[in-house]
Amino acid sequence: VITLNHYLVLGAALFCIGLYGAMTSRSALRVVICVELILNSVNLNLAAFSAYVAPKQAVGMNFVIFLMVVAAAEVGLALAIIITLNRTGDINAIDSFKRLRG
Amino acid sequence: MTIVFFYLYAVMALAGALGLVMARNLIHAVMSLLATLVAIAALFLLLGSQFLAAMQLFVYGGAITVLVLFVLMLTGPQPEAGGRSKESIRLLSVGLCVVFFGAITWIIAQANWQVTVPQLHDTASIATILFSRYVLPFEIAGLSLTIALIGAVVLAREDDVMDAPMPEPLPEDPAPSPELADEAGEPA
C-alpha cells in the first residue's frame, strides 16, 4: 500500500536534486528549469498532503493551482531576464552577472 | 497494483530529474524535465485529482516546456552545456543536498500525521473551494500573473525601442578585435 511517506520522500528527493542543479549549474536556463523542478516537488507534496490528510476538502489542491500560477509568472519573468542578459553577456556563466545586484 | 505504478512513475520522475541535472546538452535537459513533469502528472492521477493531472500536462508539459525551448533556441547555441561549476562547489552542493535530504526524511519518519484513505477529488470540489473561500487569492493570482507577463514583455523588448539609455556593456564582454574592424572597413 502506498502511504503518505512514499510521496513525501519522493518529493524530498526531487527537491534536493533540483536544489543541487540550481546551486551548481552555470547556465541561466538550467537554473530556471531546476527551480521549476523544485516547485513541482512542492506541488507533489501539497497534493499528497491534501489527498491523505484532508481528503474531504480540496484545499491542498487549490494551493497547487496557485503554485502553478506563480510558477508560470516566475518562468515568464526569468526567461525575459535571460533574453535581456543574452544581449550583453554570456548566459552560460551566470555566476559572473552582477548587474541585478542593485 | 497501484504500488507498481507508483514506483514506475517515481523512478521515471527521479530519472528525469537526474537527467536534467546531468545532461550536457540543454535540450536533453529540458526533455528530461518533460519526463519528470509527465510522471508527476501521473502521480497526481494516483492521488485522485484528475484536474491537477490535466493542468500539470497543459501548463508544465505544454506551455512552460515550450517556452523554455523557445528561449533556448532564441539565445543561440549553448557551448559546453552551460559550463560546469568548480569541483569544490559541486562536492559541497552534493554534501549539502544529501544532508538536507537526510534531514527531511528523518523528519518525515518522525512525524505522525492523521492519515486517512485518499479519495477522488472531482473538479467540482476543487472549484467550490476555489471560488468561495479562496476567491480573493484567486483574483490576486490572476492579477499578479498579468503584471508579471506585462513585466516580461517590457523586459524582453529591444533596448533601442526603449527611452531609457543603453546599459553599459559588461567588462567581461570581448571587445571587437581590431583585425575584424579593419576587414569590415576595407571595402568602404
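How many residues does the contact take from chain A and from chain B? I counted 74 residues from chain A and 87 residues from chain B, with contact meaning heavy atoms within 4.5 Å.

I noted the ground rules. This is a predicted model, where local features need pLDDT of at least 70, side-chain atom pairs count only at pLDDT 80 or more, and totals for chains, interfaces and linings use all residues. Residues are numbered from 1 along each chain as its sequence is written, and side-chain values use heavy atoms, without hydrogens and water.

Next, the area. Chain A and chain B bury about 7,200 Å² between them, 75% of it on carbon and sulfur atoms. Buried area is the accessible area (1.4 Å probe) that two parts lose on being put together, summed over both.

I then looked up which elements supply chain A's side. Those giving two or more residues are α1 (4-24), α2 (28-53) and α3 (59-88) of chain A; helices here are DSSP runs (H or I, at least four residues), numbered from the N terminus. α3(A) gives the most, with 24 residues.

I followed α3(A) to its partner. It packs with helix α6 (residues 135-156) of chain B at an angle of about 10 degrees, with the axes 9 Å apart. Axes are lines fitted to C-alpha atoms over the stretch in contact, and angles run from 0 to 180 degrees between N-to-C directions. The pair is therefore roughly parallel (angles under 35 degrees).

I listed the residues in this contact. Among them are F66(A), L77(A) and R87(A) of α3(A), and F138(B), L149(B) and A156(B) of α6(B).

Note on methods. Chains lettered and ligands numbered in written order. Parallel < 35°, antiparallel > 145°, perpendicular 65-115°, else oblique.
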